[in-house]
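Q: Hi, I have just opened this one and would like a hand. Let's take it piece by piece.

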Amino acid sequence: MALASKLLVFVAFSLAVHNTVALKQKATRIQFYMHDIVGGPQPTAVRVAGRSNFTGQDSIAAMFGSISVMDNPLTATPSMNSTLVGRAQGIYAMSSQEKELSLLMTLTYAFTTGPYSGSTFSVVGRNPVMKEVREMPVVGGTGKFRLARGYCLARTYSMTQMEAVIGYNVTLLHY
């Protein structure tokens, strides 16, 4: 009886390994635009913590430690009036003290329409916002992006005092 149990466990394990190996990895490339609105009557990003004890002149150092929570719309084109494809939800923190304004991004991009509706992917990484192109890692996903990994390239399309529009080109590997 013990031998039969061991044989059954071995066969079940072998089938599980075979099925896992048989999964075919897919590559998906997506482009969209995120609208980060920090002012006006309906901001999509709100500062929830920050320094109040800074006395220096450096504006970057003054922002160090500030944390914002966001629920930003994602659109198909740079226009806010274009098709809404999802939301970027998460937190970003001002993580630099000197010379270069950078953020620590912890965001989930959730798609609400189109072929990826109901699917998400998550980004965690450094975003030096004044660089022309910023690369950030994709660390996971759900739905059609289950077990996603990859990267996104962010480019600021436009920026005013109240709103930034950021274009994203994303490359995902997933099952």
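Predicted model: local features only at pLDDT ≥ 70, side-chain atom pairs only at ≥ 80, totals over all residues.

Q: Okay! Is Thr28 buried or exposed?
A: Thr28 counts as buried, because its relative accessibility is 9%. The labels go by relative accessible area: buried is under 20%, exposed is over 50%, and partly exposed is in between (1.4 Å probe, protein chains only).

Q: And which side chain does Thr28 join in a polar contact?
A: That of His174, with a polar contact of 2.6 Å between the two side chains. Such a contact is a pair of N or O atoms within 3.5 Å; within protein, one must be able to donate a hydrogen and the other to accept it, and residues adjacent in sequence count only if both atoms are side-chain atoms.

Q: Zooming out, how many helices and strands are there in the protein chain?
A: The protein chain has two helices and nine strands. Reading from the N terminus, the order is α-β-β-α-β-β-β-β-β-β-β.

Q: How much of the chain is buried?
A: Of the 175 residues in the protein chain, 36% are buried.

Q: Now the strands. How do E1 and E3 pair?
A: E1 and E3 are antiparallel, with two bridges between them. Two strands pair if DSSP finds at least two bridges between them. Here Tyr33 is placed opposite Thr75 in E3.

Q: What else is E3 joined to?
A: E3 runs antiparallel to strand E2 (residues 45-49), with four bridges. One place to look is Arg47, whose bridge partner in E3 is Ser68. E3 is also joined to E4 by nine bridges, again antiparallel. There you can find Leu74 opposite Gly86 in E4.

Q: What about E6, which strands is that joined to?
A: E5 and E6 are an antiparallel pair with eight bridges, and Thr108 has Ser122 in E6 as its bridge partner. E6 also runs antiparallel to E7, with four bridges. In that pair, Val123 has Val138 in E7 as its bridge partner. E6 and E7 make a hairpin, and six residues lie between them.

Q: How many of the residues of E6 are buried?
A: Six of its eight residues are buried, so strand E6 (residues 120-127) is mostly covered.

Q: New topic: rings! How many aromatic pairs does the structure hold?
A: There are 12 aromatic pairs. Rings of Phe, Tyr and Trp (its six-membered ring) pair if their centres lie within 6.5 Å; planes under 30 degrees apart count as stacked, over 60 as edge-to-face and the rest as tilted. Take Phe111 and Phe145: their ring centres are 6.1 Å apart and their planes are at 70 degrees, so this pair is edge-to-face.

Q: Where do Phe111 and Phe145 lie?
A: Phe111 is in strand E5, and Phe145 is in the loop between strand E7 (134-142) and E8, so the pair ties together parts that are 34 residues apart in sequence. Both Phe111 and Phe145 are buried. They also belong to one aromatic cluster with Phe32, Tyr109, Tyr116, Phe121 and Tyr168.

Q: What else lies in the loop between E7 and E8?
A: Gly143 is one of the residues there. Gly143 is partly exposed, with a relative accessible area of 32%.

Q: What is the phi of Leu147?
A: Phi of Leu147 is near 60 degrees, a positive value in a residue other than glycine. As background, most residues other than glycine have a negative phi.

How values were computed:
Residues numbered from 1 in each chain as written. Heavy atoms only, no water.
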